[in-house]
Amino acid sequence: MEFTVEAQAAGLIDFIDAAPSPYHAVDEVRSRLVTAGFEELHETQAWPQRPGRYVVVREGSLAAWSTEHLPATDGEAAVPFRVLGGHTDSPNLRIKPRPDQSVHGWDQLTVEVYGGPLVNSWLDRDLGLSGRVVVRDPHRPSRPLTRLWRTDEPICRIPQLAIHLDRDIDRDGLRLNPQTQLNPVWGATGNAPTFAAWIAGQLDVPAGDVLGWDVMTHDVTPSRRIGRTGDLIAAPRLDNLATAYAGTVALLAAVDDISQGRTDATGDAPYVPVLVLFDHEEIGSTTNRGAESQFLTATVERIVATRGGDRQDLLRALAGSVVCSADMSHAVHPNYADRSEPGHRLLVGDGPAVKINNRGRYASDATGVAMARLAAEQAGVNLQSFVSRGDMPCGSTVGPVTAALTGAVTVDVGAPMLSMHSVRELAGASDITDYVAFLAAFLGPRHGAGVTV
């Protein structure tokens with residue numbers, strides 16, 4: 001697998017542009033894994049007991065793992081896990097169930113803010129729509145059928161108030177009311193169809209067959225490399241699709257290495273590599289598929305069960321497991337350097353970072369940090385350290401919740417970036433490449449892999 005800046009920057013850009021919603025992100029990861037020989041399983045079915053590569057999807061979340069390197073029956077089911085966790089969702093604006101309104105001749109769609117976006121960045125952008133729509137199954141009319149859907153046409157736009165009508169904006173700053181000032185315009189006829197009727201036409205189904213939707217806005221501007229030498233990546237949803245992409249590449253690299261009989265430098269006992277990508281991290285993770293659900297714990301329990309293990313084997317396996325919670329992190333901002341902790345400023349182009357917070361907002365402790373440093377050494381990449389200023393609260397990740405549910409040693413890591421939660425974010429191309437190599441070393445034996453341009 002090619003860990004070069006050119007290859008990984010291009011791969012990330014293609015991945016992000018293919019994934020405007022969490023459902024598209026999961027579908028993209030699933031498709032790539034299936035192409036690489038992973039078998040898709042379903043939670044409602046019995047899982048096979050044979051060793052292999054597997055992937056399972058729960059709406060906007062996904063888990064994938066490999067047991068192909070383990071004997072089918074060796075009397076030992078308590079094999080520990082090495083889990084890489086991230087999330088598929090990003091802050092945006094989501095279409096309400098009854099979104100239609102006409103105001104002074106302008107046709108608008110009412111929206112609800114999802115997560116914590118920098119809402120000002122959504123103004124005066126050409127916006128497409130994406131997500132999933134649930135329709136009546138034409139073959140079984142009493143059953144629902146989920147359709148993945150997107151349009152990259154510039155369907156709507158949130159026009160900003162002209163400065164002539166807001167003379168105090170330079171003094172007071174921009175303040176937006178999420179109920180009244182973020183609703184996008186999608187026409188000027190005053191005679192628009194209902195959104196339900198319009199989307200039914202997009203899907204070529206009768207209007208009465210649209211039963212519900214999870215549809216959201218996305219910027220239609222493609223991701224791209226920018227900067228004087230092309231050393232930066234400007235893209236939407238880097239938080240946290242950069243991890244979803246890097247984790248997918250890392251899992252494929254790790255599985256290939258393990259299946260070819262490579263071992264890590266420490267000679268560790270066998271383990272099961274797992275990639276888990278959760279939805280709903282940006283709204284607290286407390287949903288049926290968020291990190292606080294039983295999606296991960298149920299998955300690893302079933303993996304143990306397929307190998308003939310019981311509850312005690314599961315607990316033994318978790319006690320020996322390690323979790324890497326991977327989410328993007330804050331590079332020092334050149335115009336706001338005072339917002340970074342002076343001794344822990346993350347530099348773009350200097351590699352990924354381990355994230356530490358002694359209030360438990362990140363799950364890292366000394367053992368987890370040591371595991372991360374060993375992985376960085378094996379990958380041949382630099383590992384920075386991130387700590388928030390003591391007078392500023394930090395965000396959180398899936399790490400603390402995952403650590404609490406599994407009891408496993410957990411470390412939080414991330415790649416540096418700017419403009420987090422903006423409609424378009426900014427990262428260094430070489431950092432993405434180092435991030436991929438680092439995560440691959442965590443999941444599998446990549447010692448001495450290094451990174452080349």
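**Exercises on a predicted model**

The lining of the largest pocket splits into 16 nonpolar, 14 polar and 9 charged residues. Here Ala, Val, Leu, Ile, Met, Phe, Trp, Tyr, Cys and Pro count as nonpolar, Asp, Glu, Lys and Arg as charged, and the others, Gly among them, as polar. This is a predicted model, where local features need pLDDT of at least 70, side-chain atom pairs count only at pLDDT 80 or more, and totals for chains, interfaces and linings use all residues. Residues are numbered from 1 along each chain as its sequence is written, and side-chain values use heavy atoms, with hydrogens and water left out.

**Exercise 1.** Work out how helix α1 sits against helix α10.

*Step 1.* Find the axes: those of α1 (residues 5–17) and α10 (residues 429–443) come within 9 Å and cross at roughly 95 degrees. Axes are lines fitted to C-alpha atoms, for helices over the stretch in contact, and angles run from 0 to 180 degrees between N-to-C directions.

*Step 2.* Name the arrangement: α1 is therefore roughly perpendicular to α10 (65 to 115 degrees).

*Step 3.* Look at who touches (heavy atoms within 4.5 Å): α1 brings Val-5, Gln-8, Ala-9 and Leu-12, while α10 brings Ala-429, Ser-430, Ile-432, Thr-433 and Val-436. That contact has 6 nonpolar, 3 polar and no charged residues.

**Exercise 2.** Is Ser-285 buried or exposed?

*Step 1.* Check the backbone: phi of Ser-285 is near 75 degrees, a positive value in a residue other than glycine.

*Step 2.* Check accessibility: Ser-285 has 5% relative accessibility, so it counts as buried (under 20% relative accessible area, 1.4 Å probe, protein chains only).

Notes. Helices (H or I, at least four residues) and strands (E, at least two) are DSSP runs, numbered from the N terminus. Angles under 35 degrees count as roughly parallel, over 145 as roughly antiparallel, 65 to 115 as roughly perpendicular and the rest as oblique. Buried means under 20% relative accessible area, exposed over 50%, partly exposed in between (1.4 Å probe, protein chains only).
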